[in-house]
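Okay, thanks for making time, everyone. Let me put the model up, and then I'll walk you through the bits I liked.

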Amino acid sequence: MLEFQKMSEKELRDLKAELAEKFEAYKAQGLKLNMARGKPGAEQLALSMKMLDVLNSQSDMQTSDGLDCRNYGGPDGLPEMRELLAQMMGLQAENVLVGGNSSLNLMFDTVSCAMTHGLPGGKPWCLQADRKFLCPAPGYDRHFSVTEYFGFELITVPMLPTGPDMDMVERLVRSDASIKGIWCVPKYSNPTGITYSDETVRRFAALKPAAPDFRIFWDNAYCVHDLTDTPDVLLNLWDECRKNGTEDLPLFFASTSKITFPGAGIAALGASEKNLAVLRNHFRYQTIGPDKLNQMRHLAFLKDMNGVHAQMQKHRALIAPKFEVVEETFAEQLTGKGVAAWSKPNGGYFISVDVLDGCAKRTVALCKEAGVTLTGAGATYPYKKDPNDRNIRVAPTYPPKTEVKAAAELFCLCAQLAACEKLLQNA
């Protein structure tokens, strides 16, 4: 088939009629499929059910340092859990605090602390009316929402195949002290699936911000979520910062949310001693200690990093085929038509699709009309405003494989139909 943009008006009208007929046939099926968020499927959740049985009334509830996990205390988390999560993030255990079940919660609380009490080197962010945050896009909508909630001006930084546009990042942070931070998902970025290059990581570690309290929010959401035998390797930012004497720049976050149970996992924060001193003081007013029994369950179930990797291989066996189905369907139905380009990630939870400019909202709306729910168009940009209306995040993990195939086929149909409509409008 010719590329859509090379077709005559008559060819486009004929094709639109053909696609519209197929679309009505899909609508008649009454589909109710959901590919909106990167949630583990039921089979993935079942992988961790044995964790619920590892503690019983006969279990030793004492930690290695003598703390009774049934009681108050242990604000930094169990020593063994700090060590495990430190290994996941490439840090030392003494630089890690273990929190509740949500790394997003820890990110929110960190921004909240900086707003009201400040971080080392600066005053409370709330005292600066003109405050900004850098948002690599396409990116994670919940990150952007946190800083939008606190009244930051969100500045879009284009994502390149190597990570955020570091020329732009360096220029902005060097010249503008009102820029307080940047959101990063450095490995298998949400939604593009790229991993930051070594050069990008080194440039982050060498940043010289005008704001002494500028921070890099380094979200290790997918640090062990590989999908292939040739996984991406991310350079260790902490090691690079120590080489540069910039240990106070990064704040690291991770969780077991997509390793065990998303609603009952373990989250952690890693940082320099200066940063941790401020954050510990902030957190001590919120809680007398995290859920240590849940930490014990995780330790008994996962044991160590070998156990984590073994668990992730089981996840891969369930979700890699779903990614393959989507990629194969896209290749079969969209290749050579000039209406869509998509990522082929080595890990993570998403496939990023760029449809024809001006067609993302229409594609998502058509899919919804026919029974497939996707993440809203624009969600991967600050303020949910994609300037080109072209990026769509596809999340293959949650539905069963058969539903993933049907949803991918309908997506392809809707992307083509939206492209026909757009091109005919401009004819």
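Let's start in the loop between strand E12 (372-374) and E13, where Tyr383 is found. Tyr383 isn't a glycine, yet its phi is positive, about 60°. Tyr383 is partly exposed, at 35% relative accessible area; partly exposed here means between the two cut-offs, with buried under 20% and exposed over 50%, using a 1.4 Å probe and protein chains only. Asp389 lies in the loop between E12 and E13 too, and has a positive phi of about 45° without being a glycine. Asp389, though, is buried, with a relative accessible area of 16%.

Some housekeeping: this is a predicted model, where local features need pLDDT of at least 70 and side-chain atom pairs count only at pLDDT 80 or more, while totals for chains, interfaces and linings use all residues. Residues are numbered from 1 along each chain as its sequence is written, and side-chain values use heavy atoms, with hydrogens and water left out. Helices (H or I, at least four residues) and strands (E, at least two) are DSSP runs, numbered from the N terminus.

Now, the sheet. What is the order of the strands in the open sheet of three? It goes E10-E11-E13, with antiparallel pairing; a pair needs at least two bridges by DSSP. E10 (340-342) and E13 (391-394) are the edge strands with a single partner each, so one side of each has no neighbour in the sheet. From one strand to the next, the twist averages 25°. E10 and E11 (residues 351-355) are joined by three bridges, and Ala340 sits opposite Val355 in E11. Across E11 and E13 lies helix H12 (residues 360-369), at about 40° to E13; for angles, axes are lines fitted to C-alpha atoms, for helices over the stretch in contact, and the range is 0 to 180 degrees between N-to-C directions.

On to the core. A nonpolar core is a set of buried Ala, Val, Leu, Ile, Met, Phe, Trp, Tyr and Cys residues joined through side-chain atoms within 4.5 Å. The largest one has 58 residues, and Phe4, Phe330, Val353, Val355, Leu410 and Phe411 have the most contacts inside it. Helix H13 (residues 401-425) gives the largest share, 16 residues. Apart from that core lies another, of 57 residues, including Ala86 and Cys241.

Stay on H13 for a second, because Leu413 there is buried, at 5% relative accessible area. Setting aside neighbours within four places in sequence, Leu413 is in contact (heavy atoms within 4.5 Å) with Leu19, Lys22, Phe23 and Tyr26. Gln416, also found in H13, is buried at 5% as well. Its side chain has a polar atom 3.1 Å from the backbone oxygen of Cys412. Beyond four places in sequence, Gln416 touches Phe4, Leu19, Gln333, Leu334, Lys337 and Val339.

Terms used:
A polar contact is a pair of N or O atoms within 3.5 Å; within protein, one must be able to donate a hydrogen and the other to accept it, and residues adjacent in sequence count only if both atoms are side-chain atoms.
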